[in-house]
Amino acid sequence: MDLRFSPEQDQLVDAFSGLYSNHSSPEQVRATEAVGFDPDLWKRLADLGVLLMAVSEADGGWGASFLDLAVVAEQQGRFVAAVPVIETQVAARLLARLNAAGAAPLAEALSGGRLITFAPRAASNGVAGLIPGGSVADAAVVRADDRLLLVPLDVSRTVVENLASMPLADVVLTDSVSVLANGDAARLAHDRAVDEWMALTAMALVGIAARALEIGVEYVKERKAWGVPIGTFQAISHRLADSAAAVDGARLLAYEAAWAVDEDPDRAAELAAMAFAFAYETARDATYRSLHFHGGYGFMMEYDIQLYYRRARGWANVYGDPELTYRRVADRRYGPVDAVREA
Amino acid sequence: MDFRLGDDSDAFREEVREFMAEQMTPELEEKLYRTGTNHDEAFTKAVADRGWLALRWPVEWGGQGRHPLEAIAYNEEIQRVDGPSYGMGTTMMIAKVVHELGTDEQKAEILRPALQGEIIICLGLSEPEAGSDVANAQTRAVRDGDEWVINGQKMFTTNAHIGDYVFLLARTNTDVPKHKGLTTFLVPLKHPGVEVQAVFTMSGERTNITYYSDVHIPDAWRIGDVDGGWRVMTVFLQDEHSTGFASHLARLIHHTEAWAASATDAEGRPRIEDPEVRARLARAATDLEVSRLLQRRSVWIAETGVVPEAEGPMAKLYSSEALERAAQNLTELVGADALRSYFDPTAPEGGRIEHTLRFSLGTTIYAGTSEVQRNIIAQRGLGLPR
């Protein structure tokens, strides 16, 4: 057992947190809220290799470990950066696993020619709803029943105004889609990509939760009421202590899930869903508590905590509520309930 | 990063698991359940024969010098089967205090029998007016020549009815701030003036109140300096950092999963196919994973040379609260039949679910209540003002 980063991972943290702190400050995040996307930051991240690291050398990338991607995702969350890093990484890895069928779009994605995102929720009734990155990407990998599709987005998308200022779009599936895989192959490929998306999004939610807790702690140390810092009141300090324990637990679980992708594949899917549900609940509660302990200031758009409150909910709930995720955990632990029996 | 405990730990876990399977017979389980006494002589002797009473102690102290990751495996396995470990636990904690701070005479008297599982040392810390605020102890020890005369009362002196010594925190000076007027003693329980009264608890566990009326003990039974009791307590509390209840939660989930696989609804479908049953079990299983990781981290971190801040309290707080939450939630999931207890032959899972609900209530109270843990996390972990 070793819970430390490798020296290379320490360097990754330095490189990415350095870039994010220079180019994804709260002011810069606010400046991008109308579209939810920062093209300049995206270019800088691509130059740093954020997409290339996600796929193997044989597929044209660097072949970083999945744990390395998790290290980056935590920083992405800490800075609530307006770039679809996780979705594009997951889409690239999915395309790489499809071999010939994914080769052409993968090459376009890695060269920066096309921004290809990933829809964690399957389409229903011919519509893929709330695709993260969907309002700014060129194409999305979408599952519709037992077909895995590459969906061009420039033709039929409706941009969705939303709680989290994310670049979301609803997309009607038309003849312009191309089929990447069919049947079980399509389901399995999508399922595995959802596992990866959950593991990395869990990590980003941990980053959100950790930073939100820091913001709350800084505030309650400074703010006085009745002559004392409000952080001396147990009604406040105890709830922050609960969040501190949950944040540490969520971080351990999310790193374990990311580690398992390469090192313990039998448990990886279960751990990814656990991490996603738990990191969401942790980020949900930490952002709420920190916002609430700001009093009236927390309700003002001028304070940064609201940026974290909204994204914690948006980044996770494009998949669905935690109940749905816990059922996914159960499917991994107990096997899926026979669909025939339900009918 | 590596989340494996490693080959040595895994191999040791197998050995411990086999041992527990042999030792934890249905007869022993029933005896423990009926008496509520969390100690068994034969079991303790068997553990001592393997050298596991002091598995972390250095070899030159008579221990096995095992790695903390092996100790994690051992603790998880003994807790998983609810092995009667409370008496040996308190005994070895105090034996360690004696090793570090005791006189040669005390070491000669205590260490060999403790390591061989022949004596039980109980904790005499809490009092009616001193629980979480343990330094508020009012039990008095007054010097009388070469002796001390002890008068007072201790709460939750578990195993005092079968024990040999009580590690007693007493007030020796009332003219100084409360932390500075305390002294610790080992008091032989057979001494005249010591009276033991049974107390029964929610979990069925028997503990005791001990009364001390003009108990005369020689100064040779004093541990540490006069009025230096708080320093002794600090040494004692160093070992408390790895408490947690993940293994109890694992056992509860295991039993509820077994119930859900066999019980059926009105249409004859196994309950494990019900989406709500699945989601609730998955939630508890997620809490278990988090609890286990926090506990393992608090053990691991102490080995890295990093001074732990709030890692131990986080593990204790999270795992005990998770156990309470799951016990309540899964009791409601099982429904009316979850009321049936151990002695009802039709009880689901031999009454383990009912028992865990009872047991869980103590876990957020003893070894530092949740509120005390939150104070430590807030102050030491988050740097919030007192």
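The model is predicted. Between the chains, H8(A) and H12(B) cross at roughly 80°, with axes that come within 8 Å. Arg374(B), in helix H12 of chain B, and Asp242(A) have side chains joined by a polar contact of 2.8 Å.

**Helix H8 of chain A against helix H12 of chain B**

- The crossing angle of H8(A) and H12(B) is roughly 80°, and the two helices are therefore roughly perpendicular to each other, since angles of 65 to 115 degrees fall in that class.
- H8(A) contributes Gln234(A), Ser237(A), His238(A), Ala241(A), Asp242(A) and Ala244(A) to the contact, while H12(B) contributes Glu371(B), Arg374(B), Asn375(B), Ile377(B) and Ala378(B).
- Sorted by class, the residues in the contact of H8(A) with H12(B) are four nonpolar, four polar and three charged.

**Arg374(B)**

- Arg374(B) sits in helix H12 of chain B, which spans residues 370–381.
- Its relative accessibility is 11%, so Arg374(B) counts as buried, the limit being under 20%.
- With residues up to four places away in sequence left out, Arg374(B) touches His238(A), Ala241(A) and Asp242(A) in chain A, and Leu317(B) and Glu321(B) in chain B.
- The side chains of Arg374(B) and Asp242(A) form a polar contact of 2.8 Å.

**Ser243(A)**

- Ser243(A) is part of helix H8 of chain A.
- Ser243(A) counts as buried because its relative accessibility is 1%.
- The side chain of Ser243(A) makes a polar contact of 2.9 Å with the side chain of Arg289(A).
- Apart from residues up to four places away in sequence, Ser243(A) touches Leu213(A), Asp285(A), Ala286(A) and Arg289(A).

**Helix H4 against helix H8 in chain A**

- Helix H4 (residues 66–78) and helix H8 (residues 234–263) of chain A have axes 7 Å apart and pack at an angle of about 150°.
- H4(A) and H8(A) are therefore roughly antiparallel to each other, the class for angles over 145 degrees.
- On the H4(A) side the contact is made by Phe66(A), Leu67(A), Ala70(A), Val71(A) and Glu74(A); on the H8(A) side it is made by Arg251(A), Tyr255(A), Ala258(A), Trp259(A), Val261(A) and Asp262(A).
- The contact of H4(A) with H8(A) holds eight nonpolar and three charged residues, and no polar ones.

**Helix H8 against helix H11 in chain B**

- Helix H8 (residues 246–262) and helix H11 (residues 352–363) of chain B cross at roughly 150°, and their axes come within 10 Å.
- H8(B) and H11(B) are therefore roughly antiparallel to each other.
- The crossing of H8(B) and H11(B) is left-handed.
- His248(B), Arg251(B), Leu252(B), His255(B) and Thr256(B) of H8(B) meet Arg352(B), Ile353(B), Thr356(B) and Phe359(B) of H11(B).
- This contact of H8(B) with H11(B) is made up of three nonpolar, four polar and two charged residues.

**Two further buried residues**

- Pro105(A) lies in helix H6 of chain A, residues 100–110.
- Pro105(A) counts as buried because its relative accessibility is 8%.
- Beyond its neighbours within four places in sequence, Pro105(A) is in contact with Leu95(A), Ile116(A) and Leu150(A).
- Phe19(B) belongs to helix H1 of chain B, residues 7–23.
- Phe19(B) is buried, as its relative accessible area is 2%.
- Leaving out neighbours within four places in sequence, Phe19(B) is in contact with Phe43(B), Ala46(B), Val47(B), Arg50(B) and Trp52(B).

- Leu130(A) is not a glycine, yet its phi is positive, at about 55°.
- Leu130(A) lies in strand S2 of chain A, residues 127–132.
- With 30% relative accessibility, Leu130(A) counts as partly exposed.
- Asp82(B) is also a residue other than glycine with a positive phi, near 60°.
- Asp82(B) is placed in the loop between helix H4 (68–80) and helix H5 (86–101) of chain B.
- The relative accessible area of Asp82(B) is 24%, so Asp82(B) is partly exposed.

Terms used
Residues numbered from 1 in each chain as written. Chains lettered and ligands numbered in written order. Predicted model: local features only at pLDDT ≥ 70, side-chain atom pairs only at ≥ 80, totals over all residues. Heavy atoms only, no water. Axes fitted to C-alpha atoms, helices over the stretch in contact; angles between N-to-C directions. Helix = DSSP H or I, 4+ residues; strand = E, 2+ residues; numbered from the N terminus. Parallel < 35°, antiparallel > 145°, perpendicular 65-115°, else oblique. Left-handed = near helix turned anticlockwise from the far one by under 90°. Contact = heavy atoms within 4.5 Å. Nonpolar A, V, L, I, M, F, W, Y, C, P; charged D, E, K, R; others polar. Buried < 20%, exposed > 50% of the residue type's maximum accessible area, 1.4 Å probe, protein only. Polar contact = N/O pair within 3.5 Å; in protein donor to acceptor, adjacent residues only side chain to side chain.
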